[in-house]
Amino acid sequence: MAGKGWIKLHRKIRDSSIFNDMQLFRLWTICLTEATHKERDQIVGKQTVHLMPGEFVTGRFQIQELYNYGLKKDDQQKGDKTVYRWLEMLETSGFLTIKKTNKYSVVTIDNWGIYQGDDQNNDQQIVHQMTNKRPSNDHQMTTNKNVKNIENVKNDKKKDSIPKIKFAEFVKLTQVEYDKLVLAHGEDRTKRMIEILDNYKGSKGKKYASDYRAILNWVVERVEEEEQKGGNRQAKPFAGGQAASQKHNANGQAQANPNSGAVANRGSDQQDRQEGERRGLSGDSQGSAGSSSKYDMFVRR
């Protein structure tokens, strides 16, 4: 059973995955209280096992007995493999390490020297635990690296499974990415963004892992700056055309005035001539009439 003394329980336990699992949390507490606080030898059968702080000896039946101690019969675990399997789950989660033999197992609490050891003995205990755990750590690191590589391959395959559409010579987007750009910026803006990125990649030989991310990173801002400059620019009138128009109007008026004056003069001369002729005829007729009257008057006399 558990030895004398007390253990330290760090507040980080509340962030642990086993905190809300009462069975695993109970078993973890049992391991903490069962581990030895000091270096010592323990007789197991006819063998002597040298234990360092944070270690204890157990087996399938022993760990089951420790777990069931003090529990009601309904809560006790009857299968001798069940509790030991939970102990292996704690090892998988990185709480402890199990060294198995055909007769017993030595359990080592990970980081015991950090959380439970005396300050003076921490360095020695940490070195010992790192030495004992190094092969397991190396194996675990290799396993984690392989798992990570497999996950990366799966992610790459998942990315490749989404087809990309060639919207320009050097720009490829998925339909979802294109729809997002259209929804956020409109179709005209999106086409302009694709055009800018296509020209840049074509001229610079630039390649992006994601054209969509490149558009979000800098092309959107480039289009906005382009639109702002275009909005502040005011179109200036063509001065040459205006001057030519004014000159044309002036020449037209200048040309129209002499013609109209000549026409008016010709009209006036004609009217005067007609008026003169009318007056001449009228005068002759009046003169004739006057002389005829005087002659008639003379004859009558």
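Which residues in α2 meet which residues in α3? Point 2 takes this up.

1. Basis. This is a predicted model, in which local features need pLDDT of at least 70, side-chain atom pairs count only at pLDDT 80 or more, and totals for chains, interfaces and linings use all residues. Residues are numbered from 1 along each chain as its sequence is written, and side-chain values use heavy atoms, with hydrogens and water left out.

2. α2 against α3. On the α2 side the residues are Arg60, Phe61, Ile63, Gln64 and Tyr67. They meet Asp80, Lys81, Val83, Tyr84 and Trp86 of α3. Contact here means heavy atoms within 4.5 Å. By class, this contact has 6 nonpolar, 1 polar and 3 charged residues. Ala, Val, Leu, Ile, Met, Phe, Trp, Tyr, Cys and Pro count as nonpolar, Asp, Glu, Lys and Arg as charged, and the others, Gly among them, as polar. Helices (H or I, at least four residues) and strands (E, at least two) are DSSP runs, numbered from the N terminus.

3. Geometry of that pair. The axes of α2 and α3 lie 8 Å apart, at an angle of about 90°. The two helices are therefore roughly perpendicular. That term covers 65 to 115 degrees; under 35 is roughly parallel, over 145 roughly antiparallel, and the rest oblique. Axes are lines fitted to C-alpha atoms, for helices over the stretch in contact, with angles from 0 to 180 degrees between N-to-C directions.

4. α1 against α2. These axes cross at roughly 110° and come within 10 Å. So α1 is roughly perpendicular to α2. Gln23, Arg26, Leu27, Ile30 and Glu34 of α1 make the contact with Ile63, Leu66, Tyr67 and Asn68 of α2. The classes are 5 nonpolar, 2 polar and 2 charged.

5. Main core. The largest nonpolar core has 25 residues. Such a core is a set of buried Ala, Val, Leu, Ile, Met, Phe, Trp, Tyr and Cys residues joined through side-chain atoms within 4.5 Å. Ile18, Leu27, Trp28, Leu87, Leu90, Leu96 and Ile109 have the most contacts inside it. The largest share, 7 residues, comes from α1. Leu27 touches Ile63, Tyr67, Val83, Trp86, Leu87 and Leu90, not counting residues up to four places away in sequence.

6. Second core. A separate core of 15 residues includes Tyr178, Tyr212, Val219 and Val223.

7. Thr174. This residue sits in the loop between β7 (172-173) and α6 (175-185). Thr174 is buried, at 8% relative accessible area. Buried means under 20%, exposed over 50%, partly exposed in between (1.4 Å probe, protein chains only).
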